[in-house]
Structures are given as structure tokens and as C-alpha cells.
2 protein chains.
Amino acid sequence: MSEVPSQIVQKLRNASNILVLTHVYPDGDALGSQLAFGEILSALGKKFFLFGEEKVSYIYDFLPGCEVLGADLPDLAEFDCVVALDCGDCHRLGRKMAEVLAVTPFIMIDHHAGNKLFGDMHWVDSKRASTGEMVYDLAIALGAEISYAAAFCLYTAIVSDTGSFKYSSTTAGTFRVAGELVARGVMPSEVAGKLFDNFTVNRLRLLRMVLDSLELHDKARIAFISVTAEMFNETGATQADTESFINYPRSLSSVNVAVFFKESANNIISVSLRSKGTECDVAEIAAGFGGGGHRNAAGFKMPGAKIAEVKTRLLKVLLTD
Amino acid sequence: MSEVPSQIVQKLRNASNILVLTHVYPDGDALGSQLAFGEILSALGKKFFLFGEEKVSYIYDFLPGCEVLGADLPDLAEFDCVVALDCGDCHRLGRKMAEVLAVTPFIMIDHHAGNKLFGDMHWVDSKRASTGEMVYDLAIALGAEISYAAAFCLYTAIVSDTGSFKYSSTTAGTFRVAGELVARGVMPSEVAGKLFDNFTVNRLRLLRMVLDSLELHDKARIAFISVTAEMFNETGATQADTESFINYPRSLSSVNVAVFFKESANNIISVSLRSKGTECDVAEIAAGFGGGGHRNAAGFKMPGAKIAEVKTRLLKVLLTD
């Protein structure tokens, strides 16, 4: 586990106006880290702008401060530096990528393995379970007061990116930071309730249908589930509602590889793959289809295809793997 | 949060042969605490007997040391003391209750609110999220080495009794102990995998059917799900497989009260109730049907009834509550 680089601490101490970015389609770690960092900069008496080009997903809109995210970038000459949080690839910075990459110094703080190391100053630590964990240590290094809202956002970031301390990325350091945030007043059951007890009736209906689509192959070592455009129509559920559905086939004790096929309205098949342990590297399999990811979690997209044909092609690869 | 009472530490230091008990139908905290305590006593060079009158449920039989649990009590005169872990009521000690209660000193270590305080020496701390958390502090107070197996069992106890750090009982102290156990080599993803990714295909099929039974009442504030004897027959799933199914209707954001109706082979309807927050005290409602429990989690049984009639009677009570 690395410590906060002193040059980043120094740079932030001297900066008076900071642009804070994260990746597009931000998840709990991205948003939690970004909003907490805004609180931390505010406690230090600094000016800042939190950039977000999309409306926050309903799954995360309970995070305090969502409303301060802005899509209209101010004049970039105003900023002393840029901080990109939880973004391992500059192409995930969104539509303003070219403009923001031109600002110097460009500071990157991230925990993704395989980070592309863009920008001028990097703190990349793939041993960290979340960027939120790193932002906490940065706040301590900066001597900033951590408000309740900042603690709440950072705790949410950690819980969100570790599946509530279940993923293999969870370390003793993760528990240290979580404990310190709880000591600052965050209530674990409140965050868990907001993150996990947020099902709509439409979403539960969709889950029911998706579970009905379960197919097992290779003596139940491979499990497929799928969602069709028709299921979205029938239930009124949205793409965002399918989050975490892949965990159901994955939770079968016999299963090594779980796959979720999603049909979008624009005729693209999105495929999410999960594997357990070291037997099957799904990143390698996804790469064969033009996608990518990690050893145990990867994905790819197939435009203009049908679910049935993607299933057949993928199953062939999985069975010969 | 209380510290380990010094008289208990003193007594255990001086004892050379110790009988270790927990409650009947032991869950992860009960078994994890008991097995870890055996490891701790072993590290201190003490003799001990871990009493367990039933076969361990398949959900917990991954715990190292399950095989040393014994149902045949040795001569009780051999023991210097008894330690009862995670047992808030002497009636939950099982068939040998009368005999074991006669041994002195009888030391009780537990975290249940409303503990009945039987025995001679008590360490009861309802602010602790699990008995496992207390056994860890006891091991430290005893100066015992904590083996990997002990750490694994204690971590499982904690995760099991907090729903992976989601329940309101989770404190900064819970995270402190979890972090120290992980620093001793326990892998969070391994324990989570064993505890939560243990679905059989039959169980997933049953879940699908149970989700199909969802009924919403009172503007989706009340959710009912049910499992019939026929569903068990059709899927080959067992009563134990329905564990945690109540969390699905509970996870609906609109829902205040979730109810799970289970039809057993012997024609008994078991009803589990869950509520959120302080609006509805389900213990009170369950008491009206001869059952009991806590404010947010309670239940009752109805022999010789049909699910449909229990639903109608309960709904009436819930709507006038």
C-alpha cells in the first residue's frame, strides 16, 4: 500500500482553484470520491468545480452534494490544477477530454490495475480497494477536516467498490479507513440501506424474468442469464436496474463463469462476464471479442447481433478454454 | 463498549479443562465463536470440549474444526468451568441444559440484548455486533496466540452476524477487529464466497418461484412472498434454502413491512416479518399471533392453517396498525 506522494500534497496545498473530474457513467466510488473531495477542498477554503456531464443515476443520487455537479465547464484558465479521481483511462473522461487534458498539472488518483498513466502527477495504487480509501488518506495528509458529508461519501465509495467488504480487493487497510469513517458518525446500516435496499417494483419484476432465463452449461460450471428489450418494455425497468443481477448466477456454488447478456434498444448486445478464482481469466476471453476488464470481471459489446448467436459463439470459446 | 472482565480472564487462566457451549441451531456467530475459542484454548495448552448436539448446517460446515464438535458430554466433574458463547437464554442450551447449568463457575459471554443473565460470571455487551468480536478481545486479554483457523472462524462470526457489515449493530469496533483478523491472513472474499455464494441450482429455482409469488398491498408499503410445500417438491430445495429470501421484498424501497409465508410439510404455516425504521413494530404484531421477536424482525407459527387465510388475517392487522 503506497502513501500519498508528497508532491501531490504540496501541489494541492498551494492551489487555490481546482477542477475535479471522474469517469463517465460514474459509480459509487467515482461519485463518492468526487463529492467527498469537494467537501475536503471546501474545508481547506479552496475554490473548486466538480465536473459531471450526466445526470447522476437514481442508485447514487442519495449522496449529499450531487446537485453541485456541473456539466458546463468554466474557463479552464481559472484552474491551478485538475484532479481526476477513479479514472484509469483518459477516454473515460467524457466529451471534454481534450480540453481538460490540456490543463497542467493534471493530477491522477486511482486504484485501477492497468491504469494508463495519463497526466503529469500520478498516485495509482492497485492494492487499494477503492479510490475513496485513497481520498481519505489524502485528506489526512492535507490536514483537512473531514465533514460528516465527506465521511458519508467516502464510506459509500468503499462499500460500493468492495460489494460491502466482500471482494478480494478488501484489505486490512480498507477496514482501517471504514472504521475511522464510522467513528466520525457514518452509520453502516444507513449506507447499506441506500445502496442495496433501493429496488423498485419494476426492478424486482425484471429480476424475476432474468432469473427465468437461467441456462446452465458444462455440468453447471457455466451459467448464462439474459435480458431482452422486450423484458425492459414489459416491466418498465431500465438498463440501470440490471446492476448486480450478474451476482445471482455467480452465487451458484457450482459456477465458475457467469455471463449476463443484455440487449439494448439500439440493437447492441452487452456481455458481462464474471469468474471465480484463477481458473478462468475472463479479461482474456472478453479481449477475444474486442472487450476488456480484469481476471474475474470483464465485458464486451456486439453491435447488430442477436443474443442467441453471441451465446453460441461465447459458449464455444468457454468450453475450449 | 465494555472491556473483558478481569475475573473471567483470571478464571480462564487458572482453568485447565473447559467445557465450551453455544446455542442450539447454531448460526455463523455461534459456531465461529465456539470453534475459535477451542483454537484459542488449544494455543494456551488447555484441555477443552466443544459441545454440539446437532449436525452442523451445510451453510456453515466449511468452518475449520466442525468435526471436533461432540454430542456426547464427558463426565462433567472433569471440567474446571463452563463457557457459554452467544447464548442469551439458558433454554437455548439444548437437551443437556440442566446438567451443564450445574457446573460452576458457569461463564457467559454474549452480545444479545435482553440476555437472561444465567450462570455465575457474565460478560454481556449488547453494543457488540457479534460474540466473535468479544472472543477476539478475550483472546488478546488472555495473551493467546490467534491461529489462522481461529482468525478465520472469528471473521466468519462477525460477517455472519452483521450481514457483511450492513446491520445497524456494526460499529467502529467491529471494523477494528475485522481489520486485525484480515491482517492475520483471513481473506474477506474467501469467507464471503463461502457464506454468500453457496446457492444450489435448486435454491435459485426456488427463489425464482418465490419471487413470482410477490404481492403488494397498501400502495406497495406491504409486500408478501410465500413458499408452498409444492414448490419444495417441484424444485427439490429445502427449508434451509429459504434463508435470506425475506430480504428481496424487504429491499423494495417503497416497502415498510415485508412478510414471508412458509408452508411446511407438517401443515404448519411459518410467518417471518421484517420492518424498516420505527414505524411498524413487527414484534408486537407477531405477539398478537402468539409469536415474538424484535421491533424489525419477528415471526409466528400457525398450525393447521392455509397460507391464504393467514395472509387475510395478517393483512387486516397490518392495515389497521
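Modeller: A polar contact is a pair of N or O atoms within 3.5 Å; within protein, one must be able to donate a hydrogen and the other to accept it, and residues adjacent in sequence count only if both atoms are side-chain atoms. This is a predicted model, in which local features need pLDDT of at least 70 and side-chain atom pairs count only at pLDDT 80 or more, while totals for chains, interfaces and linings use all residues. Residues are numbered from 1 along each chain as its sequence is written, chains are lettered from A and ligands numbered from 1 in the order in which they are written, and side-chain values use heavy atoms, with hydrogens and water left out.

Let us start inside chain A. Thr131(A) belongs to helix α4 (residues 131-142) (helices are DSSP runs of H or I with at least four residues, strands runs of E with at least two, numbered from the N terminus). Its relative accessible area is 0%, so Thr131(A) is buried (under 20%; exposed is over 50%, partly exposed in between, with a 1.4 Å probe and protein chains only). The Thr131(A) side chain has a polar contact of 2.8 Å with the side chain of Asp86(A). Beyond four places in sequence, Thr131(A) also has contacts (heavy atoms within 4.5 Å) that include Asp29(A), Ser33(A), Ile109(A) and His111(A).

Now turn to Lys46(A), in the loop between α2 (28-43) and β2 (47-50) of chain A. Lys46(A) is buried but has no salt bridge (a side-chain nitrogen of Lys or Arg within 4 Å of a carboxyl oxygen of Asp or Glu). Asp80(A), the nearest side chain of opposite charge, is 7.5 Å away (Lys and Arg count as positive, Asp and Glu as negative; His and the chain ends are not counted). A polar atom of the Lys46(A) side chain is 2.8 Å from the backbone oxygen of Ala15(A). Among the residues that Lys46(A) touches are Leu12(A), Ser16(A) and Leu41(A).

Arg208(A) and Asp212(B) join their side chains in a salt bridge, 3.4 Å from N to O.
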